[in-house]
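User: Hi! Could you walk me through this structure with a few questions and answers?

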Amino acid sequence: MTILRIATRKSPLALWQSEHVAALLRAAHPGLEVELVPMSTRGDEVLDRSLAAIGGKGLFLKELELAMLRGEADCAVHSLKDVPMEVDAPFALPAFLARADHADAFVSNHFAGIDALPQGACVGTSSLRRQAQLRALRPDLEIRDLRGNVNTRLAKLDTGEYDAIVLACAGLERLGLGERTRARLDAPDWLPAPAQGVIAIECRGDDAATMDLCRVLDHGPTRTCAGAERALNLALHGSCHVPVAAFARLDGEALRLQALVGSAGDGRAVRAEGAGNTADPEALGREVAAKLMAGGAGEFLPA
């Protein structure tokens, strides 16, 4: 019997995503035994500082990659929005699962949406992208950092530390907490992180057997859209240090991409969009990135 070991973070959402992938792999490969290898990462452990301050979202990956290199795991499951734009050798991403809800969720116990918040209300998010879009809509808001897993963030809202928080719709839905969403923050007015809502599988590119097992879960339309979004982010050298938002969608034979680069400090932003061929999503990503730069986005990007 073949055994496949999945390295995963220990947060409830990460475990849900890994169990979901395990179930899909078992269904696709009868007789395959799938085991989870839960691990703690530095990104999970350091909660008193922003991700940008401690090294970025790649901190969620490194321990899982080391486990694969040591032979303790065969693959890892990630939220694709947390995966760096370029994956270090020898790793590869054989599967992007079909995208769940890409939108952000406005969550509040007392207010129905951003417009309903009182003057100077306190909103929690550590995402510079969310901060930039919040400040553009409501410069009066007090925006405070909010780290931790989904349940931790909701608990801080429920104890009154914040008037509202912004989370990903997909994460809430996956944890059975979709009813906490008071309003969906969606395109074209509000843009998500590149590849938000997409689960990715990572393994060693030289491990042909694992690559083949995982590749059957790859969803072509999702890979096309995420490819455009990630190519844009790469062209802008985007990371959690930079408020970059992007959303691609298929429109018949065309691929359409909307994007934004903003300032978390004052809400100023540059927007751009474009359409391209589904056969080369990365070209569209680079094209829209160039439009953003021509529009002055460089002012908001690190030198």
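This is a predicted model: local features need pLDDT of at least 70, side-chain atom pairs count only at pLDDT 80 or more; totals for chains, interfaces and linings use all residues.

User: Is T8 buried or exposed?

Analyst: T8 is found in strand β1. Buried means under 20% relative accessible area. T8 has 0% relative accessibility, so T8 counts as buried.

User: And which backbone nitrogen does the side chain of S11 reach?

Analyst: S11 sits in the loop between β1 (3-9) and α1 (12-28). With a relative accessible area of 13%, S11 is buried too. At 3.1 Å, the S11 side chain reaches the backbone nitrogen of A14.

User: How many residues are in the largest nonpolar core?

Analyst: Its members that touch the most others are L232, L236, L257, V261, V288 and L292. At least two core residues come from each of α9 (220-235), β11 (244-251), β12 (254-262), β13 (269-277) and α10 (281-294). Another core lies apart, with V21, A22, C75 and A95 among its 19 residues. The largest one has 21.

User: What does V288 contact, leaving aside neighbours within four places in sequence?

Analyst: V288 belongs to that largest core. Setting those neighbours aside, the contacts of V288 are L232, L257, A259, A272, E273 and G274.

User: How many aromatic pairs are there, and which residue lies over the face of F96?

Analyst: Searching the whole structure for aromatic pairs gives zero. The ring of F96 does have a residue over its face, 4.0 Å from the ring centre, and that residue is R223.

Notes. Residues are numbered from 1 along each chain as its sequence is written. Side-chain values use heavy atoms; hydrogens and water are left out. Rings of Phe, Tyr and Trp (its six-membered ring) pair if their centres lie within 6.5 Å; planes under 30 degrees apart count as stacked, over 60 as edge-to-face and the rest as tilted. A charge sits over a ring if NZ of Lys or CZ of Arg is within 6 Å of the ring centre and within 35 degrees of the ring normal. A nonpolar core is a set of buried Ala, Val, Leu, Ile, Met, Phe, Trp, Tyr and Cys residues joined through side-chain atoms within 4.5 Å. Buried means under 20% relative accessible area, exposed over 50%, partly exposed in between (1.4 Å probe, protein chains only). Helices (H or I, at least four residues) and strands (E, at least two) are DSSP runs, numbered from the N terminus. Contact means heavy atoms within 4.5 Å. A polar contact is a pair of N or O atoms within 3.5 Å; within protein, one must be able to donate a hydrogen and the other to accept it, and residues adjacent in sequence count only if both atoms are side-chain atoms.
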